[in-house]
Amino acid sequence: MTAPVAPDEGRARRRKAPATRGHATAALILLIPALAGFLIFWIYPAIKGFGYSVTDYNLLNQGKYVGAANFQAVISDGQVWQSLRITAVFALGSIVVSLTLAMILAALMQRLRTKTWVRAGLLLPWLVPNVALALIWAWLLDANVGYLKGVLDRVGRALNLDFLVNFTFYNTDAALNIVILIGVWSGVGYTALLLFAGMMQVPTEYYEAGAIDGASETTMFFRITLPLIRPVIALVVVVSLIGSFQVFDLVQVGYGGKPIPEVRVIYFYIYQQAFDFLKMGYASAIALLLAIILAVLTLVQLRLLRANRSDLA
């Protein structure tokens, strides 16, 4: 037998019902455009790519089923692993340098309470398309007319630093370092703002307690700030890793479509196989291998950084 409902409780239910009624429907309607875009531009191409990876499709014919032949060829292709090595070096250099600089900038913004226009200025390089960045930096570091190259020449000769004198955009020894620096310069501001947002969630009482106990700023940063923003750091590292492995336009545009071997990253190698040599099936197999590698690296990072737990909870 159902227990009777008190009059006040019944009136409360009737008042709340209209306020929440239809929320699920409204949310679903608002999500439809995003879901449609996800299905059309992500899920469908992923399914097609997997289908191509087991065929010899080459844009000129429908292709025939070849089974695991493409994957066997990928595993034995030394250029694939060389391109992955170059991409891994780019990713590691970009993440380490960018995260370090971003952490310093975020800590300064947290302590100095910078103006809004300062934070907005940090985003400007990130808002510039990579195509424009590649063209700008190729001109700045041009061996003949580059303004920044002229400054580096004078500084390098004055300090007897040969590596600055040879720091040109098309120098094979400096090429990968230049691409890393461009990536860091363009993304460090955005990363700093993400870390700054995480730092702003840390209760000020923790810092006040640390100051009372005599802890220095450095000690509080390593003992309070870093542990409490661990989920944000995990997010930044994972997003930066995936983005670094997707570097393409800096190399493609900056080096005129024919990058030197020192900067032939995995995305460019996939592009070459698909559109220069018309091996769409083989390119799809490489792309699928890259997706598996990124998925494994992401899971490992999330596990190591314990991204699902926050000390603020």
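Which elements each supply at least two residues of the lining of the largest pocket? In this predicted model, they are α2 (23–53), α14 (266–276) and α15 (280–304).

**View 1. The largest pocket of the predicted model, with a volume of about 960 Å³.** The lining is made up of 26 residues, of which P45, A46, Y267, A287 and L288 lie closest to the centre of the pocket. Helix α2 gives the largest share of this lining, ten residues. Sorted by class, the lining residues of the largest pocket comprise 22 nonpolar, three polar and one charged.

**View 2. The second largest pocket, with a volume of about 590 Å³.** This second pocket is lined by 26 residues, and those closest to its centre are G183, S186, G187, G243 and S244. Two or more lining residues come from each of α4, α5 (116–127), α6, α9, α12 and α13, and the largest share, seven residues, belongs to α9. By class, the lining of the second largest pocket divides into 14 nonpolar residues, eleven polar residues and one charged residue.

**View 3. The largest nonpolar core, a set of 28 residues.** Within this core, the residues with the most contacts are L141, F169, I178, I182, L250, Y255 and V263. At least two core residues are supplied by each of α4 (78–112), α6 (130–140), α9 (175–199) and α13 (249–254), with α9 contributing the largest share, seven residues. When residues up to four places away in sequence are not counted, V263 touches I86, A175, L176, V179, V251 and Y255.

**View 4. The crossing of helix α11 (residues 217–228) with α12.** The axes of α11 and α12 come within 5 Å of each other and cross at roughly 60°. On the α11 side of the contact are L226, P227 and L228, which meet R230, P231 and I233 of α12. This contact between α11 and α12 involves five nonpolar residues and one charged residue, with no polar residues.

Terms used: Residues numbered from 1 in each chain as written. Predicted model: local features only at pLDDT ≥ 70, side-chain atom pairs only at ≥ 80, totals over all residues. Heavy atoms only, no water. Core = buried A, V, L, I, M, F, W, Y, C linked by side-chain atoms within 4.5 Å. Buried < 20%, exposed > 50% of the residue type's maximum accessible area, 1.4 Å probe, protein only. Helix = DSSP H or I, 4+ residues; strand = E, 2+ residues; numbered from the N terminus. Contact = heavy atoms within 4.5 Å. Axes fitted to C-alpha atoms, helices over the stretch in contact; angles between N-to-C directions. Nonpolar A, V, L, I, M, F, W, Y, C, P; charged D, E, K, R; others polar. 1 Å grid on protein atoms, 1.4 Å probe; cavity = no way out; pocket = protein on both sides within 12 Å on 5 of 7 lines; lining within 4 Å. Points joined across faces, edges and corners; volume = space filled by probe spheres on them.
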